[in-house]
Amino acid sequence: MITATSLYLLLVTNFNLAATDAATMTCIAIAESNLKTDAVHYNKSNNTFDYGLFQINDVHIGTLIHSGHALMNVNQNIKVAVKIYHRDGFEAWSTYKKCRG
């Protein structure tokens with residue numbers, strides 16, 4: 001588990017996100033996994049898994065990361081989440097709707 005403050009500071013300091021974007025990403029992580037870095041969810045509808053803090057779907061394995069196991073590493077999960085954000089925006093997460101101010 002990671003705290004919201006720690007995640008926010010990591011996003012600003014290590015990933016150079018603007019404060020408002022880091023706050024939105026933190027909100028998304030709370031909505032996706034309740035900040036549980038070991039969260040795993042099976043999607044029955046499309047037979048896929050979501051991994052870690054940002055619940056990154058395994059469709060990204062091979063393009064943004066090499067394995068689902070790697071997504072269980074909190075730093076790797078954040079790194080991939082930031083890549084997804086830069087590529088697809090916040091809308092990549094359905095929970096983003098809960099985070100709009």
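Q: In what order do the elements of the chain run from the N terminus on?
A: The model is predicted. Its secondary structure comes to 5 helices and 3 strands. Read from the N terminus on, the order is α-α-β-β-β-α-α-α.

Q: Why does the chain count as being as compact as a globular protein of its length?
A: The globule rule gives 13 Å for 101 residues. The radius of gyration of the chain is close to that value, so the chain is as compact as a globular protein of that length. Along the principal axes, the C-alpha atoms fill a box of roughly 35 × 25 × 25 Å. The radius of gyration itself is 12 Å.

Q: What share of the residues of the chain count as buried?
A: The cut-off for buried is under 20% relative accessible area. The chain exposes about 5,600 Å², and carbon and sulfur atoms supply 52% of that area. Of the 101 residues, the buried share is 43%.

Q: How many Å apart are the mean positions of the positive and negative charges?
A: The chain has 8 positive and 7 negative charges.

Q: Which residue in E2 stands opposite histidine 41?
A: Strand E1 covers residues 40–43 and strand E2 residues 48–51. The two run antiparallel, joined by 4 bridges. Opposite histidine 41 stands aspartate 50.

Q: Which residue in E3 is the bridge partner of aspartate 50?
A: E2 is also joined to strand E3, residues 56–57. This pair runs antiparallel, with 2 bridges. In E3, the partner of aspartate 50 is asparagine 57.

Q: Which residue takes a positive phi in the hairpin of E1 and E2?
A: This hairpin has 4 residues between its strands. The positive phi is near 55°. The residue is asparagine 47.

Q: What is the phi of glycine 52?
A: E2 and E3 form a hairpin with 4 residues between them. Glycine 52 lies in the turn. Its phi is positive, at about 70°.

Q: Is alanine 70 buried or exposed?
A: Alanine 70 sits in helix H3, residues 68–71. Its relative accessibility is 10%. The cut-off is under 20%. Alanine 70 therefore counts as buried.

Q: Which residues is alanine 70 in contact with, leaving aside its neighbours within four places in sequence?
A: Contact requires heavy atoms within 4.5 Å. For comparison of positions, the C-alpha atoms of alanine 70 and valine 59 are separated by 14 Å, with the two residues 11 apart along the chain. Beyond the sequence neighbours, the contacts of alanine 70 are Ile65 and Gln76.

Conventions: Residues numbered from 1 in each chain as written. Predicted model: local features only at pLDDT ≥ 70, side-chain atom pairs only at ≥ 80, totals over all residues. Heavy atoms only, no water. Rg over C-alpha atoms; globule rule 2.2 N^0.38 Å. Buried < 20%, exposed > 50% of the residue type's maximum accessible area, 1.4 Å probe, protein only. Areas by Shrake-Rupley, 256 points an atom, 1.4 Å probe, with all protein chains shown as cover. Lys, Arg positive; Asp, Glu negative; His and termini not counted. Charge placed at Lys NZ, Arg CZ, Asp CG, Glu CD. Pairing = 2+ DSSP bridges.
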